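Hi everyone, thanks for coming. Please have a look at the model on the screen, and then I'll walk you through it.

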Amino acid sequence: MAAASLREYLQGLQESGLDGIPVAQSGSMADAQVAPAAGVRIAPPTAEPLDELQHHESLDKIRKDLGECQRCKLGKTRKNLVFGVGNPKARLVFVGEGPGADEDRQGEPFVGEAGKVLNRIITAMGLKREDVYICNVVKCRPPGNRDPEQEEIEACSSFMLRQVRSINPEVIVALGKFASQTLLGTKEPISKLRGKFRDFHGTPLMPTYHPSFLLRKQGEGSMGAFWEVWDDMVQVLRLLKLPVPEKSRKK
Ligand code: URA
């Protein structure tokens with residue numbers, strides 16, 4: 001998408017009430033009804049809680065173990081391995097699919113156009129990018145932005161799981177169909193998965209639409225998917241007992 005249309009999209013979000021005034025609301029764990037996942041594809045079969053699985057290893061140690069990774073063929077075509085960014089003690093972790101061209105160039109997740117939309121969502125939640133942790137299912141760019149293949153996921157996903165274990169967040173948000181289906185081991189469509197907390201090793205995981213999907217929908221003149229994402233983020237904020245900024249849905 002061209003920079004101008006991204007700008008229009010971000011402006012559209014603002015005009016839709018995205019920059020509303022924060023109002024304090026209290027939420028509780030009881031608000032979250034956790035739907036069981038169909039199965040867990042990338043995690044050890046025990047499905048133990050993340051904190052019990054924790055090795056108490058640092059993110060630095062995990063990065064060091066990855067090294068100049070050549071565990072799958074993506075290692076040959078990437079410019080930079082994209083490990084993850086943010087607060088190592090984050091209460092909230094976002095997991096995307098895999099780096100795109102901008103991320104591959106800069107070595108940081110979600111720095112391109114989709115990243116601008118994610119930043120906007122994080123800001124709308126009353127948070128900063130530095131408050132949360134952001135990573136992907138795979139750490140190297142699949143050529144042409146194709147979906148990562150099974151052997152690439154298998155080579156990489158244990159590192160993502162170790163990152164999540166190390167951080168031990170209170171909530172995980174899976175961005176888009178690919179991350180949601182991979183983390184939850186299901187083929188259910190994202191339109192069915194989103195909007196309900198799922199269980200990921202005892203940690204609530206909220207599947208939601210990918211920022212790139214929001215960009216595509218906006219290109220078609222639709223803000224509906226954005227508001228569905230916002231509804232999902234409201235549930236996340238309530239679970240974290242954080243204030244829910246009020247957004248008015250302008251017609
Ligand atoms: N899309 C993703 O899923 N991850 C990124 O880091 C960037 C775009």
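Let's begin at the side chain of N136, where an N or O atom is 2.8 Å from a nitrogen atom of the ligand. That is a polar contact, meaning a pair of N or O atoms within 3.5 Å. On its own the ligand has 240 Å² of accessible area, and the protein covers 92% of that. Those areas come from the Shrake-Rupley method with a 1.4 Å probe.

A word on what you're looking at: this is a predicted model, where local features need pLDDT of at least 70, side-chain atom pairs count only at pLDDT 80 or more, and totals for chains, interfaces and linings use all residues. Residues are numbered from 1 along each chain as its sequence is written, and side-chain values use heavy atoms, with hydrogens and water left out.

Which residues surround the ligand? They are G96, E97, G98, E103, P109, F110, N136 and H210, where being near means having a heavy atom within 4 Å. Sorted by class, this shell has two nonpolar, four polar and two charged residues. In this scheme Asp, Glu, Lys and Arg are charged, Ala, Val, Leu, Ile, Met, Phe, Trp, Tyr, Cys and Pro are nonpolar, and the others, Gly among them, are polar.

Now zoom out. The ligand sits in the largest pocket, which means that more than half of its atoms lie within 2 Å of the pocket's grid points. A pocket is an open set of points on a 1 Å grid over the protein atoms alone, with protein on both sides within 12 Å along at least five of seven lines; a cavity is a set where a 1.4 Å probe fits but cannot get out, and lining residues have an atom within 4 Å of a point.

The largest pocket has a volume of about 750 Å³, counted as the space filled by probe spheres set on the points, which are joined across faces, edges and corners. Of its 27 lining residues, E97, A114, H210, S212 and R216 are closest to the centre. Which helix gives the largest share of that lining? It's α10, with four residues. Helices here are DSSP runs (H or I, at least four residues), numbered from the N terminus.

Finally, the whole structure has one cavity of 30 Å³ or more. The largest cavity holds about 90 Å³ of space.

Technical notes
Polar contact = N/O pair within 3.5 Å; in protein donor to acceptor, adjacent residues only side chain to side chain. Helix = DSSP H or I, 4+ residues; strand = E, 2+ residues; numbered from the N terminus.
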